[in-house]
Amino acid sequence: MNLKLCVAQLNFVVGDMAGNAQKIIACAQDAYAQGVRLVLTPELSLCGYAAEDLFLRPSFIAACDDALKAVSQALAGLKGLHVVVGHPHGDDQRTRSVSVQRRFNMASVVCEGEVVARYAKRELPNYQVFDERRYFTPGKEACVFEVKGVRVGLLICEDAWFEAPALDAKAAGAELLAVINASPFHVGKGDEREQAMRVRVQATGLPLVYAHLVGGQDEVVFEGRSFALNADGGVAARGKSFHEERLVLTASAGEPLRLDGPVAAEGSFESDLWHALVLGVRDYVGKNGFPGALLGLSGGIDSALVVAIAVDALGADKVRAVMMPSPYTAEISWVDARDMAHRLGVRYDELSIVPEFEAFLSSLQADFEGTSLDATEENIQARIRGTLLMALSNKFGAIVLTTGNKSEMATGYCTLYGDMAGGFAVIKDVAKTLVFKLARWRNANDPYGTGVQPIPERIITRPPSAELRPDQKDQDSLPPYEVLDEIVSRFMENDQSSADIVAAGFAASDVDKVTRLIRLNEYKRRQSPVGIRVTHRSFGKDWRYPITNKFRA
């Protein structure tokens, strides 16, 4: 007998238990009408992932319990339908007369109005962006349940990266492994997952279905790309990346079972990165209720890239670009900013900061007498711009998107309360060299059907400059970006020591300068807006370094 199953690759909202429950119910009802008898929802689908310290609130757990009951009751009349729902679950355990609240990362199987099986996640990740040991107690037991004669072994995300949970499920009689997941995106992660699950399939001899979350949640993005592997390790089905989808596949009788379903094409490195940034912006703006976004459009490549991402994410009618020229703004910056705004069809305004800058200098004249121009005057200009953007945001409600890249965040080539002022840092985890690659990729591709090449070629080829003093260029004070970004990657993302980086062929002076700047500017990064994580280590939850720190290796 064949079993038709559905992966509910859906976009949930943290804390919206009622809305999430309705999504699950609607998906399950539609799937049932198509002959599906097993629906898999992602990890913690009922409450959204990750709810962080909301997990510590008993009222939050109680609301999840109520939502699970609502799902079960709403689907009670669908005979034979099994729905796997991810949710947190709490219980009280008494130890020496003391009541201890335990919480589990749970998957419950609901069928005909009842919870017929439960599984508690066993392997709790506590690295990178994960902090599950803060919230959950590990489970201990395998869980196998039967649907239409097929015995299904449940696993939750990290469990499938280890040998024991899958082997225990097989020993308990599983013929099919069902893994529900919420695994944050970073470039290359999709291939890593498929390879890791292929190892699990080969070790157990069982086919596997990987049900994954899609959507943005604060600084992390989940790309979907759910998939299924047959017992020989071959891809049997794959969902689309960065889109909601009800992935329907069939498990056919045999030893082992044979899985079959649609296989979506894989995206390129740049395509996946672009779609991750777009989804991150769309969900942060949309889920938090902002009517749109605004940003400073300087005529440089970083702001150009951000406005292109924002338009793909939100539509031109919800994006506003503001050009704020200073005494040092080049004429071509005006021309290129106007050109790009026209290409994309966004609202475009020009607000000169010259009067405000002159007023600041006049107010500070007595105090600054006898001193030379330095970064102080540069930062004043950046802070005037930040103040103007935040004023527009306060007045009209649109969120300010900041435009600093990872190279700048690493080295402090950014101004507190200036270009760092805003609500969401779109390319905070995108190195400068990758900024150029993404700009060229977007000009060569039109994934959202805008019909335009958004970024003027001169913006891409022109040497980057903050334009805060005469004839300024970024490379006047930083190593070439190819060098800078590689040092940042080695030191910050991969924990190589300065000595190791020098031994790899980099000039000691460059290594010393870059690593020193990374250390010195931790205090700035702590005050920066949240931004989208797209590498395996970002300046955010992945990076928890002390501000006061004398270690130098």
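These are my notebook entries on what I looked up in this structure, which is a predicted model.

**Entry 1: the whole chain**

I began with the overall fold, and I counted 16 helices and 20 strands in the protein. Along its principal axes the C-alpha trace spans about 85 × 50 × 50 Å. I then compared the radius of gyration with the rule for globules: a compact globule of 553 residues would have a value near 24 Å, and the 26 Å of this protein agrees with that. I also noted that 55% of the 553 residues count as buried, and that the accessible surface comes to about 22,600 Å², of which 50% belongs to carbon and sulfur atoms. When I took the contacts between residues at least 6 apart in sequence, 73% of them turned out to join residues at least 24 apart.

The largest nonpolar core has 52 residues, and Val281, Leu305, Ile309, Leu401 and Val426 have the most contacts inside it. Several elements each supply at least two residues of this core, including α5, β17 (319-323) and α11 (432-444). Which element gives the largest share of this core? The answer is α6, with eleven residues.

**Entry 2: aromatic rings**

A search of the whole structure gave me twelve aromatic pairs. One of them joins tyrosine 127 and phenylalanine 130 in an edge-to-face arrangement, with 5.4 Å from centre to centre and 65 degrees between the planes. Are the two residues of this pair buried or exposed? Phenylalanine 130 is buried because its relative accessible area of 7% is under 20%, whereas tyrosine 127, at 38%, counts as partly exposed.

Tyrosine 284 and phenylalanine 424 form a stacked pair, with 4.1 Å between the centres and 10 degrees between the planes. This pair links distant parts of the chain, since tyrosine 284 belongs to helix α5 (residues 269-287) and phenylalanine 424 to strand β20 (residues 424-425), 140 residues apart. Both tyrosine 284 and phenylalanine 424 are buried. I also found a cluster in which ring pairs link Phe55, Phe60, Tyr135 and Phe136.

Next I checked for charges placed over rings. The charged end of arginine 37 sits over the ring of tyrosine 32, 3.8 Å from the ring centre, and arginine 525 lies over the face of phenylalanine 539, at 4.4 Å from the ring centre.

**Entry 3: the backbone**

Where do cis peptide bonds occur? One joins tyrosine 49 and alanine 50, with omega about -5 degrees, and alanine 50 is found in the loop between β2 (38-40) and α2 (58-74). Another joins glutamate 255 and proline 256, with omega about 0 degrees, and proline 256 has its place in the loop between β14 (245-252) and β15 (258-260).

Finally, I looked for positive phi values in residues other than glycine. Glutamate 52, in the loop between β2 and α2, has a phi of about 50 degrees and counts as partly exposed at 31% relative accessibility. Aspartate 218, in the loop between β10 (214-217) and β11 (220-223), has a phi near 55 degrees and is partly exposed at 35% relative accessibility.

Key. Residues numbered from 1 in each chain as written. Predicted model: local features only at pLDDT ≥ 70, side-chain atom pairs only at ≥ 80, totals over all residues. Heavy atoms only, no water. Phe/Tyr/Trp six-rings, centres within 6.5 Å; stacked < 30°, edge-to-face > 60°. Buried < 20%, exposed > 50% of the residue type's maximum accessible area, 1.4 Å probe, protein only. Helix = DSSP H or I, 4+ residues; strand = E, 2+ residues; numbered from the N terminus. Lys NZ or Arg CZ within 6 Å of the ring centre and 35° of its normal. Core = buried A, V, L, I, M, F, W, Y, C linked by side-chain atoms within 4.5 Å. Rg over C-alpha atoms; globule rule 2.2 N^0.38 Å. Contact = heavy atoms within 4.5 Å. Areas by Shrake-Rupley, 256 points an atom, 1.4 Å probe, with all protein chains shown as cover.
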